[in-house]
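Reader: Could you walk me through how this chain is put together?
Author: Gladly, let's look at it side by side.
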Amino acid sequence: MPKDVITQRSVDYNQWYLDIVREADLAEVAEVVRGCIVVKAHGWAIWELMQRALDERIKATGHANVQFPLLIPKSFIMKEAQHVEGFAPEVAEVTRAGGEELAEPYVIRPTSETIIGYFYSKWIRSYRDLPLLYNQWANVMRWEMRTRPFLRTAEFWWQEGHTAHATEAEAEEETLRILHEVYADFVEKEMAVPVIRGLKTEKEKFPGALRSYCIEAMMQDGRALQAGTSHNLGQNFARAFDITFTDQNNTIQYAWTTSWGVSTRLIGALIMTHSDDEGLVLPPRLAPIQVVVVPIYKNDEERSAVMAAVTRMTAEWKGRLRFKVDDRDNYSPGYKFNEWELKGVPVRIEIGPKDVAKETVALARRDLPGKTGKSFVPQAGLTERIEALLSEMQTALFQRALAFREAHTADVTTYEELKAQVERGFARAFWAGDTADEKRIQEETRATIRCIPLEQPGITGRCVYTGRETDRQVIFARAY
RNA sequence: CGGGGCGUGGCUCAGCCUGGUAGAGCACCGCGUUUGGGACGCGGGGGUCGUGGGUUCAAAUCCCUCCGCCCCGACCA
């Protein structure tokens, strides 16, 4: 009988999430450092796979990695008006070092636009220096009021891209390229999480940005999770940090900058999109262990026969599959089955004396828990079978998540419908309101406009709130 | 920052109301039997009861102080 270690989603979704994080050994709340977590080996291994896949895309689109300081002079944060307003309340400051008060406090970076802006102003002289396409992998700190592992922690790990361009059109092109070719492509293909690409409203955009684009995903409780953002900063930061260049006509111009980031929050998205009441479910492409082998035997004689078959079987997996042979002898097979299910390993191979005799193995797929996903298959051709299965599971997870999102998305035409729909998922509505209207709706429904999708229907309708005719549709949802 | 809850072996908690010198389950260690969906028996180790003070012959228990954590809201990648 399975132990009652994971709260059922239907009972308490929030507790279920925390149980998965704990039981899959992804992270632990670092109770000695407020709001922070320790990312444990399994969690970090997933992040490393995410980093690798993202980094490839970031480099393929022409960017190079750099590293800026963790500490930023406090005055830098104060230079861009909206930026100050957005981040000042949540920065941590360093006021003492070397045993004395600092003349000017540093802040621990909540994001690096300001310090990067300072250096870009030194580095950029001519249009020939542009575009400047840099990215950094870093940890940042935001003193959030309320934290949850991965979804919102005081310290988190991310990449932040920062680019500078000669024209507004180039900056806009960059912002959208990142959204499509890096973020949406990564999240949908690697994470198997479908996203809606869109533009943030004025209320929701990044502090200091001209425009913020985002990808939004739906979690299994119908709430939205912002999975990535790409900002066109216009000339706002260039003006604040004096990032100028001389153009072809020998005229001094402010540069057009962008910034974009995704964080360890994506691990939260991964959990809340695919996992079930049995534990974590990982898309094969991001599973640190794709196949686990559980050998089964009663005595030394059986053990050597089984292990010989395991060695033969796994020999051709090297370089093709990420696998682990669980040969611990202090745990029973049943214990191991459950443990690897909790940890989300996509495929499990069980091999015992009966299989050795019949030249078969038991193959279990994680996305179909229990007996449904378990079958006995021949050892011959197993590697190809597993590779095909992993690929099939990757697709199946995406399709399942997409079907779920579509089933929990509805067009609403009245405010009453909107209120009801955000209780269960995304509400798609025509919108012609302003920021004040948006705030009022948030107060009344706890839902916000997640984005103005880039894909619009091309027809007009009446705004769900003001009743005005408009051709713009938006997505309302409660967000994490 | 408002509202609530909780600090007792590694973990989850009981004991507190009604004061009498600390317990369970899990985990861990040893030995043996086990091993195809979270094995079992026997033996064993481990706790300044968050901190400081007070009341008392006696405090995990009653009173006060401080600290920390968690949950629910408002704010946010």
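Author: A nonpolar core is a set of buried Ala, Val, Leu, Ile, Met, Phe, Trp, Tyr and Cys residues joined through side-chain atoms within 4.5 Å, where buried means under 20% relative accessible area (1.4 Å probe, protein chains only). The model is predicted, so local features need pLDDT of at least 70 and side-chain atom pairs count only at pLDDT 80 or more, while totals for chains, interfaces and linings use all residues. Residues are numbered from 1 along each chain as its sequence is written, chains are lettered from A and ligands numbered from 1 in the order in which they are written, and side-chain values use heavy atoms, with hydrogens and water left out.

Reader: How many residues does the largest nonpolar core have?
Author: Met50, Phe150, Met191, Ile271 and Met272 have the most contacts inside this core. Among the elements supplying at least two residues each are H2, helix H6 (168-189) and H8; helices here are DSSP runs (H or I, at least four residues), numbered from the N terminus. The core's size is 52 residues.

Reader: At what angle do the axes of helix H2 and helix H8 cross?
Author: The axes of H2 (residues 41-60) and H8 (residues 265-274), lines fitted to C-alpha atoms over the stretch in contact, come within 10 Å. Gly43, Ile46, Trp47 and Met50 of H2 make the contact (heavy atoms within 4.5 Å) with Leu266, Ile267 and Leu270 of H8. The two helices are therefore roughly perpendicular (65 to 115 degrees), crossing at roughly 105 degrees.

Reader: How far apart do the C-alpha centres of domain 2 and domain 3 lie?
Author: Domain 2 covers 289-389 and domain 3 covers 409-477, with bounds from an automatic or database domain assignment. Their C-alpha centres are separated by 50 Å.

Technical notes
Axes are lines fitted to C-alpha atoms, for helices over the stretch in contact, and angles run from 0 to 180 degrees between N-to-C directions. Angles under 35 degrees count as roughly parallel, over 145 as roughly antiparallel, 65 to 115 as roughly perpendicular and the rest as oblique. Buried means under 20% relative accessible area, exposed over 50%, partly exposed in between (1.4 Å probe, protein chains only).
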